[in-house]
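Biologist: I am new to reading structures, and I would like a close look at one part. Could you take me to the place where the two chains touch, and then show me a few spots inside each chain?

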Amino acid sequence: MFCTDISEPFLLIFSKTVPQLLYYSHIPTAIIALMLGLFVYFKNKNGGSLVSKLLLFISLTFFVWSVFDLILWTNIDSRRVMSVWSIINLMEMFVSISTLYFAYVFLEKRDTPFKYKLIAGVPLLAYMIFIPTRINVPGFDIPNCEAEQGKLIYYFYFLEIFFFLWLITYLIRKIIATKKEERKMTIYFSIGAVCFLASFSGANVVASLTERWQILQYGLFGMPVFMAFLAFIIIKYKAFNIKLLGAQALVMGIIILIASQFAFIQNSTNRILTAVTLVIVAMFGWWLTVSVKRENEQNESLKQLNNIIAKQKDRIEKDKETVERANQELIRLDKAKTEFINIASHQLRTPISVISGVASMMLEGDMEKMPMEQKQKFYQSVWEKAKKLKVIVHDILNATSFANKKYSIMDQSAEMIDIPEFIGKIIKDFEMEVEERDIDLTFSSEKNIPKIKGQKEYLEEAFINLINNSIKYTPSSKMNHEVRGKREGNGRGKVAVSVRKDPNNPKNVIVEVKDNGIGIPEEAKPKLFQRFSRAQNAVNMYTDGTGLGLFIVKEIAEGHGGKVWFESELDKGTTFFISLPVNPEVDVDIKDHITQDAKSNPEVKF
Amino acid sequence: MLNQILKLNSKYMSEEKQIHALIIEDDPDQVMLYLTKFMIEGVTTIATDNEWDTMQYLLGGGFDIVLLDILLQGKENGMNILKTIKENEKTKHIPVVMFTNYTKKEVQDEAKKLGALDFIVKSETTPKMVAQRIKELVAEDKASGKI
């Protein structure tokens, strides 16, 4: 069947017998909407987020609807009209629902809960089921060239109103819940969305109720309003994470609107005027776009520049801190060195003053006047001071020279050492001293300790240093002239040396030296193994220490592929541990080790 | 041995011409060395190694000069003893000479500021020279006292 009220359309939608306003209301709005949808979708940096997909869907369904509507206006083939008629309302429903969905996702920044999808989806599905039935389109009205409205249309009205009210309720609640800037944005968005749906769906409902279809055309203008608001929001709040240029969108919109006037302009004067307007607007628009774009780019590069400056500033601050710290460390080291030189020179001068003092008395003939017993005491003091001088010189030279591989194993002179036996001998040498100081020195060892490969003279020095420290810094009931500090309260001073296999690493042997002495203050702990480092309580107790003993222990332990550490509580005692591998890997180059250490440690160590 | 010297000292103390010195020193070898040589040189000397004993001796009177070491046992410190001597009305007139191997510049300046007459570095001299210097200083002190 074919209608006879109008003529056959050209290219499906173009007909001269329909009101020309029809094209003006449909084509530009549909194109603007589609372009905006596509623009947002493709420019979205998040690679097509849900919001941009939904916006694209709205613009697509709106576009399809516009085309369908044009088909209905212009076509005369009843089959074509009826099939389009039956699904155009579905398109409209899609626009409504997806606008609602879009509003929710855009404002909440997350997907809607499943229950909402169910509430919206089930009635929609019910509607879709009835589309191909006679309830939707019962017949065709030839005189008016329209399909007849079925009962389903009332259900359609109901759904449209339902979704519309839902949207309004949601938006109002959202506006109330949000604050400040976000509320402003929500309000703009709501005005756009409501205007759009109210004009689009509202006009549709009113039109089909009154059968005055011209109303529809005015309703369509809600779409650009909505789109304008959306564009505004996108620019103002950088929604969608894109830098859409407002001017660009505006110019494109105006050009499309003006160009589409050609569709219904009847006389040639107007046509020329419109053409001139279009050219001027296009040129002006182009200039506007370019200048806005340039400004925008400048802003962007300024922002980037600011970022770079901020980063540089940050880096400089950090560098400054590092230098500052290194400087502090150097100052500390310098002080420690000066202090060391003061102490060391005192240490060196004291025996010299006695030796030279006695020698001067010999030259002056004083010795001959003395009884034998007294002479002997003078000679003894010279001998003692000479020995002490030897030890001091040895210590200072050891610690201040970085002679290559100072404390490491040299294959030709390395020996297999039975550690328990070795330490047992060292302990014996301390018997006199612990008796004098009235301190208990004990030694215990696990059985079957494997022999370890090492340099006897170095390991001896390490163990002696640790045991010596423990004895020195453990107060007892007796003092001697070198070590001061008397034990307060009950209990005797105790130093316990023990040897065992490393439970974590059976190939290592651990030597433990435990005392109940003065302990190490927290502030001294981190720097304990550094050269010239001495804790204040140690200085009080024993003035003459050089601060080199533990440094030497550490160098020896590491030179043997092992390590040294400690546990300590102030006024309770200290335990030192040396862990040594049974078969150390090839000798360690101390120089290299120190260079590595300095590189890996931002704090300047030495 | 030390007791012997002390006995000898007490014998000499009564004689008028003798110079009486107090040395604060905690190393027994040095005490023996200086006490012996000073005695030979005619300077009667008593040794202590802490502030309390020092002040007891000085408040008792009769000392012409004090030889003060700096690094001493435990919390004892020659600089503190110097301060105490110079703050006490009864002892502040006694000449004090710092006699040490500790040569830190700041400490030397500080000692001079606190009123030490001289700063003698042990390793830079001999016991005999020290005894001579003691005599000089005591003589100067006596002379200035008379004027």
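Modeller: The contact between the chains takes 26 residues from chain A and 23 residues from chain B. Keep in mind that this is a predicted model. On the side of chain A that touches chain B, helix H10 (268-363), helix H11 (372-400) and helix H15 (536-541) of chain A each supply at least two residues. H10(A) gives the most to that side, with 13 residues. Sorted by class, the side of chain A that touches chain B has 14 polar, seven charged and five nonpolar residues.

Now let us step into chain B, to helix H4 (residues 78-87). Its buried residues are Gly78(B), Ile81(B), Leu82(B) and Ile85(B). They cover an arc of only 105 degrees around the axis, so they lie on the same side of H4(B). What do the buried residues of H4(B) pack against? Their partners, in chain B, are strand E1 (19-24), helix H3 (51-60), strand E3 (65-68), strand E4 (96-100) and helix H5 (105-114).

Back in chain A, look for a pair of helices, H3 (residues 78-108) and H5 (residues 152-177). Their axes come within 10 Å and cross at roughly 15 degrees. Angles under 35 degrees count as roughly parallel, and H3(A) and H5(A) are therefore roughly parallel to each other. The crossing in which H3(A) passes H5(A) is left-handed. From H3(A), the residues that meet H5(A) include Met93(A), Ile97(A), Leu100(A) and Tyr104(A). On the H5(A) side, Phe156(A), Phe163(A), Trp166(A) and Leu167(A) are among the residues that take part. By class, this contact of H3(A) with H5(A) has 14 nonpolar, three polar and two charged residues.

Is Leu466(A) buried or exposed? Leu466(A) has 26 C-beta neighbours inside 10 Å, and a residue with 20 or more counts as buried, so Leu466(A) is buried. Leaving aside neighbours within four places in sequence, Leu466(A) is in contact with Val513(A), Val553(A) and Phe576(A).

Terms used:
Residues are numbered from 1 along each chain as its sequence is written. Chains are lettered from A and ligands numbered from 1 in the order in which they are written. This is a predicted model: local features need pLDDT of at least 70, side-chain atom pairs count only at pLDDT 80 or more; totals for chains, interfaces and linings use all residues. Axes are lines fitted to C-alpha atoms, for helices over the stretch in contact, and angles run from 0 to 180 degrees between N-to-C directions. Helices (H or I, at least four residues) and strands (E, at least two) are DSSP runs, numbered from the N terminus. Angles under 35 degrees count as roughly parallel, over 145 as roughly antiparallel, 65 to 115 as roughly perpendicular and the rest as oblique. A crossing is left-handed if the near helix is turned anticlockwise from the far one by less than a right angle, and right-handed if clockwise. Two residues are in contact if their C-beta atoms, placed from the backbone, lie within 7 Å. Ala, Val, Leu, Ile, Met, Phe, Trp, Tyr, Cys and Pro count as nonpolar, Asp, Glu, Lys and Arg as charged, and the others, Gly among them, as polar. A residue is buried if 20 or more other C-beta atoms lie within 10 Å of its own, exposed if 12 or fewer, and partly exposed in between; C-beta atoms are placed from the backbone. The arc is that of the directions from the helix axis to the C-beta atoms.
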